[in-house]
Amino acid sequence: MRASNLFTKTRREAPQGEESVNAQLLIRAGFISKEMAGVYNFLPLGLLVLNKIVGIIREEMNAIGGQEVLLSSLQDPALWKKSGRWDDKVVDIWFKTKLSTGSDVGLANTHEEPLANLMRMHIASWRDLPRYVYQFQTKFRNELRARSGLIRTREFIMKDLYSFNKTEKEFREFYEQCVVSYLKIFDKVGLGKQTYRTFASGGSFSRFSDEFQTVCASGEDTIYINKKKNIAVNKEVYTNEVLKELGMKKSELEEARAVEVGNIFPLGTKYSSALGLTFKAENGTDTPVIMGSYGIGPARIMGTVVELFHDAKGILWPKAVAPFDVHLISLPGGEKTADKLYGELEKKGVSVFYDDRPQLGAGEKFNDADLIGIPLRIVASRKTVEQNKVEVKK
């Protein structure tokens, strides 16, 4: 991509009203723009990063047997009333509206009910199980604390996977597969060293659920980390009883602030029973399907990466999620060399952001490169051309 063709521009000053580092830098660098509180647009550079993160997640979900779908955002209240979650006293983050007919309709905040209802048409026998279905889909949540940039928003893309199993044993085996898969995802996007499987409240479904918490000074959660075991406990379940059950001692734990970048929940038969999702077992009995839910927010990962990887000059993208492999800069006298190199790199499959803007000086181009944060910078100038070289900087 040539910078001269890019419609977005960088900003020298942080936008007013943005408290989080990730929002400040991503807006200044032209990756996102703010529509309103808790709602952001993804611009060309930002969408490239988001799609790279989505690609990493999709690869892992497919590797464990996931089948991708795309469900609707508009939701029929009838399904949610069956589980009891249409009531605002039960779920207080709904965005609800009405159709032109006067009927109520919801904007999806999650998809347990609709997918359980859908799977009724495709699961009848024990032979139809297990099944693992996932999507990348826009969710809407009326968050009260939408002030952390991409980390907590009111409209966002979520990867939500749902498992459908015959037995608790079969479910638990897949659940642990997902744990391994999630840790691979966080490692690939550059968060692996700071991210811990964190035991949290399982609510009404089980003793524990699992969060994946990334240590970050600006995080909203407090966790207690056992670095030897590479696991942590959320403050909400940090009791002597829980620590004893997990074989952990307070003396071995370190307190830290963290951002929840993913979570997985055992759902049991709560939604399958409410929606009538059953299968004929081998003994002929009708049995509710055992379900699980597995969520990751790609944009939240993007925001967390920026919170962790930046310096005083701008963003420092890990290679796997950077918008481009190379930031190529042409300075006076180096234009022909830069043009040739741009074509050669692109032919070799190296993605290049080429700052070919003739009206800007070296200082402005270098400042933009520092702000945008692509891992490798190549500069062609009169000085380098005279030496038959280019300048390369990580």
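**Pocket**

I looked up the second largest pocket first, and its volume comes out at about 330 Å³. A pocket here is an open set of points on a 1 Å grid over the protein atoms alone, with protein on both sides within 12 Å along at least five of seven lines. Grid points are joined across faces, edges and corners, and the volume is the space filled by probe spheres set on the points. This is a predicted model, where local features need pLDDT of at least 70 and side-chain atom pairs count only at pLDDT 80 or more, while totals for chains, interfaces and linings use all residues. Residues are numbered from 1 along each chain as its sequence is written, and side-chain values use heavy atoms, with hydrogens and water left out.

The largest share, four residues, comes from α10. I sorted the lining into seven nonpolar, six polar and six charged residues. For that sorting, Ala, Val, Leu, Ile, Met, Phe, Trp, Tyr, Cys and Pro count as nonpolar, Asp, Glu, Lys and Arg as charged, and the others, Gly among them, as polar.

**Helices α1 and α8**

Next I checked α1 (residues 21–28) against α8 (residues 298–308): their axes come within 8 Å and cross at roughly 95°. Axes are lines fitted to C-alpha atoms, for helices over the stretch in contact, and angles run from 0 to 180 degrees between N-to-C directions. The pair is therefore roughly perpendicular, a label for angles of 65 to 115 degrees.

Val21, Asn22, Leu25 and Leu26 of α1 meet Met302, Gly303, Val306 and Glu307 of α8, where contact means heavy atoms within 4.5 Å. I count five nonpolar, two polar and one charged among the residues of this contact.

Is α8 enclosed or open? Nine of its eleven residues are buried, so α8 is largely enclosed by the rest of the structure. Buried means under 20% relative accessible area, exposed over 50%, and partly exposed in between (1.4 Å probe, protein chains only). The buried ones in α8 include Pro298, Ile301 and Val305, and also Met302, Gly303, Val306 and Glu307.

Leaving out residues up to four places away in sequence, Ala258 touches Gln213, Thr214, Val215, Cys216, Gly219, Glu220, Asp221 and Ile223.

Most residues other than glycine have a negative phi, and most peptide bonds are trans. I found a cis bond from Leu129 to Pro130, with omega near 5°. Pro130 is in the loop between α4 (112–119) and β7 (131–140).

Asn230 has a positive phi of about 60° although it is not a glycine. I placed Asn230 in the loop between β11 (221–226) and β12 (231–234), partly exposed at 41%. Asn388, not a glycine either, has a positive phi of about 55°. The loop between α11 (382–386) and β22 (391–393) holds Asn388, which is exposed at 72%.

Note on methods. 1 Å grid on protein atoms, 1.4 Å probe; cavity = no way out; pocket = protein on both sides within 12 Å on 5 of 7 lines; lining within 4 Å. Helix = DSSP H or I, 4+ residues; strand = E, 2+ residues; numbered from the N terminus. Parallel < 35°, antiparallel > 145°, perpendicular 65-115°, else oblique.
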